[in-house]
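Here are my notes for when you open the file.

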Amino acid sequence: MSQTGQLFETRTVPVLVPLPAERPYSYAVPDGMEVAPGSIVQVPLGPRQVAGVVWDGATDRVDAKKLRPITRVFDCPPLDATMRRFVDWVADYTLSPPGLVVRMALRAPAAFDPEPWIEGIEATGALPDRMTSARERVLAAAQEAPAWSRSGLAHAVGVTPSVVDGLIRQGSFRGVRLPPPPAVAAPDTGYGRAELNPDQREGADSLAASVAKGGFSTTLLEGVTGSGKTEVYFEAVARALDAGRQVLILLPEIALTQSFIDRFHARFGAPPAEWHSDVAPRQREKIWRQVAEGRVKVVAGARSALFLPFQNLGLIVVDEEHDPAYKQEERTFYHARDMAVVRGSIGKFPVILASATPSVETRVNAAAGRYGHVRLAGRFAEAAMPDLSLIDMRAAPPPRGRFVSPVLGRAIAETIARGEQALLFLNRRGYAPLTLCRVCGHRFQCPDCSTWLVDHRLRGQLQCHHCGFSMPRPEACPECGMLDHLVACGPGVERIAEEMLTDFPEARTILLSSDLPGGARRLRRELDAIAEGEADIVIGTQLVAKGHHFPMMTLVGAVDADLGLANGDPRAAERTFQLLHQVTGRAGRSGGRSSRGLIQTFQPEHPVMQAIASGDASRFYEREIAERERTQLPPFGRLASVIVSANSRKEAEEHARAWRRAAAEDVDIEVLGPAEAPLAVLRGRHRFRLLVHGTRRSPIQAFLRAMVAAAPRPRGSVQVQIDVDPQSFL
């Protein structure tokens, strides 16, 4: 086999294995074997054989007698220097073992070997002894392509495979080997160009120019909901494809994928390759291999797609760049938006961040000139923005036991009477967040987490949303034994759906929630049904806020808009603003219909509520940015979390205090805590947190490394996780 890159002159090489390894291990290269940095190899590790990557740098000094040889070199494109630098950068920044980071790049081990070729046939020009109409059609169709699969040709003509078999026996076809079919068809950049308005055309030309210019740049594409941001950045995608480069488009949710795939298909005549957890393993292997070979030109996927081994990546688009789903909070803690910018910087190609409600960090970078900034001020096709107003729940409360204000109820009735759709948004799954006994006051709590069990009435279960524990919904209180005295406290989407079915029994009502049976496929069917007008009232959690186009939706009601403000998260105001702005943006996305957004709140005077109602996003950003700067919170300061957990509270607290004592004194960095985490027990483990806070230029990573070196090593059940740039404070 051939490998690009400089061959090692010595016969010992470092190999990074996909395990929690802090550095590569040294292996011997057998005589006759050629490896270079980036080669994907198989090596012995203990009693097992594992895949690994030949890495850069020197090897450890190991006695030659103790070295174990590389077992084999996979016939696979190597990880190029850009990808290897990216792995090292992510590991260094997040303080993760490089082996765990490279593991994300080696997600499809079955793809390390080449895909098998297919047995095919090609026409020889010889005619059969006896010609029939079926045979005549097969021979005519065979002229349209140089080679066919046997079943593919029969299917294309509409005959049984036996007709093709007869022609093979007659010598009219001979066997050939065909390369494996592509995972997806190649996109056609000239296929379905959209008619852009002047504002969109200016933005599209600016983005396409950054791609044509080459080199690294980051551009914020900001536009109100329904402004056509997707069609605008598609022009940059087309420019990258015309230049022979590959493109990665990151999406925050699987539920978004199908509508995006349809739009991409309409524009480019073929779908992109999908990369997320819902893709079948065999298809994932095919995509991984063909991305590495450069055959797949566009990938649309979740955050893990960032670690695919692209051969010639020339553009990354991060859609809905503000979305919290881009932060991974297990094994390797990283933010895909930020790492996309890093990958663009290392690979020297442009990155586009698209959002109607950009993160404060991205807004500040754009204002400072570190990022370019393209704005789309109006909606596509002259559609008007919805009229937004607040419902003061103190002045217009719902009836006892209800949660929809009479003001919102009347608006729903008027909307469905006109044959239009209403959306009710509540970011709380299930029927109720708490169940208690009205006799003795017993509250149902998760046995493994410090959280209440959520009542899921449709499934007849009480469930923990953090660890997955569930139990059948009981008839009697386990504490006092009283029957029929359990009461659900507070609303979830199931309870709002029940209220709507009572008030509007003739209306077609759909409940959308990620934990309902059927998974992503069911969600896609229901989203399609809503888009086609097959529902009158839609009740949903935050997944309804993301990028969906519902032409008949003219009313959006936020049932409990204050929900996100009721915690100590420093990003609470930003996230509440983004979520409410996005969900109210589902209304009025087709021209010709007026639309409304009604927001139920007990805090109408709150700056977030005032900013939403006024429609003045800049007002909110100015206030939030000023507050962040005053408190030196990101992006004006830096944060890192240290989470210490153990089977007992005492173990966790003692080890957390030892970490606090290990922290060096630094005028620019302070360590807060340890304090019991807001979610004090998770999956049976007690949790304490330390928060490291520094200035924007503080060497947080160096400070944390010194802390790790000085702190005692975890013993017993103790575990320590480090989260640089935390997004969650639970």
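1. Let's start with strand β28. 10 of its 10 residues are buried, so β28 is largely enclosed by the rest of the structure. Keep in mind as you look around that this is a predicted model.

2. Which residues sit on each face of β28? On one side you have G637, L639, S641, I643 and S645, and on the other R638, A640, V642, V644 and A646; every one of them is buried, and both faces of the strand are covered. The cut-off for calling a residue buried here is under 20% relative accessible area.

3. Now zoom out to the sheet around that strand. It is an open sheet of 4 strands, ordered β29-β30-β28-β31, and the pairing is antiparallel. The edges belong to β29 (669-682) and β31 (719-724); each has a single partner strand, so one side of each is left without a neighbour in the sheet. From one strand to the next, the twist averages 20 degrees.

4. How many bridges hold β28 to β30? There are 10, and the two strands pair in the antiparallel sense. If you want a residue pair to click on, L639 stands opposite H693 in β30.

5. On the β31 side, β28 (residues 637-646) pairs in the antiparallel sense over 6 bridges. V644 has V720 of β31 as its bridge partner, and S645 is opposite Q719 in β31.

6. A helix also belongs in this picture. Helix α18 (residues 649-662) packs on the sheet and touches β28, β29, β30 (685-695) and β31, with its direction at about 20 degrees to that of β30.

7. The β29 and β30 pair is worth a look too. These strands run antiparallel and are joined by 8 bridges, with V681 standing opposite H686 in β30. Together β29 and β30 form a hairpin with 2 residues between them, and R683 in the turn has a positive phi of about 55 degrees.

8. Moving to another part of the chain, there is an open sheet of 5 strands in the order β2-β1-β4-β3-β5, again with antiparallel pairing. Its edge strands are β2 (25-28) and β5 (72-73), each of which pairs on one side only. Strand β3 (residues 40-45) and β5 run antiparallel and are joined by 2 bridges; V41 is the residue opposite V73 in β5.

9. Next, the helices. At what angle do α1 and α2 pack? Helix α1 (residues 81-94) and helix α2 (residues 98-105) pack at about 135 degrees, and their axes are 9 Å apart. The two are therefore oblique to each other, and their crossing is right-handed. On the α1 side the contact is made by M83, V87, V90 and A91, and on the α2 side by P98, V101, V102 and A105. Sorted by class, the contact of α1 with α2 comes out as 8 nonpolar, no polar and no charged residues.

10. α1 has another packing arrangement to check, with helix α10 (residues 336-347): here the angle is about 140 degrees and the axes are 10 Å apart. That makes α1 oblique to α10, since angles over 145 would be needed to count as roughly antiparallel. The crossing of α1 and α10 is right-handed.

11. Which residues of α1 meet α10? They are T82, M83, R85, F86, W89, V90 and Y93, facing M339, V342, R343, I346 and G347 in α10. By class, this contact of α1 with α10 has 8 nonpolar, 2 polar and 2 charged residues.

12. Last, one glutamate to inspect by eye. Is E499 buried or exposed? At 5% relative accessibility, E499 counts as buried. E499 lies in helix α13 (residues 493-503). Setting aside neighbours within four places in sequence, E499 is in contact with R402, F403 and V404.

Methods
Residues are numbered from 1 along each chain as its sequence is written. This is a predicted model: local features need pLDDT of at least 70, side-chain atom pairs count only at pLDDT 80 or more; totals for chains, interfaces and linings use all residues. Side-chain values use heavy atoms; hydrogens and water are left out. Axes are lines fitted to C-alpha atoms, for helices over the stretch in contact, and angles run from 0 to 180 degrees between N-to-C directions. Angles under 35 degrees count as roughly parallel, over 145 as roughly antiparallel, 65 to 115 as roughly perpendicular and the rest as oblique. A crossing is left-handed if the near helix is turned anticlockwise from the far one by less than a right angle, and right-handed if clockwise. Contact means heavy atoms within 4.5 Å. Ala, Val, Leu, Ile, Met, Phe, Trp, Tyr, Cys and Pro count as nonpolar, Asp, Glu, Lys and Arg as charged, and the others, Gly among them, as polar. Two strands pair if DSSP finds at least two bridges between them. Buried means under 20% relative accessible area, exposed over 50%, partly exposed in between (1.4 Å probe, protein chains only).
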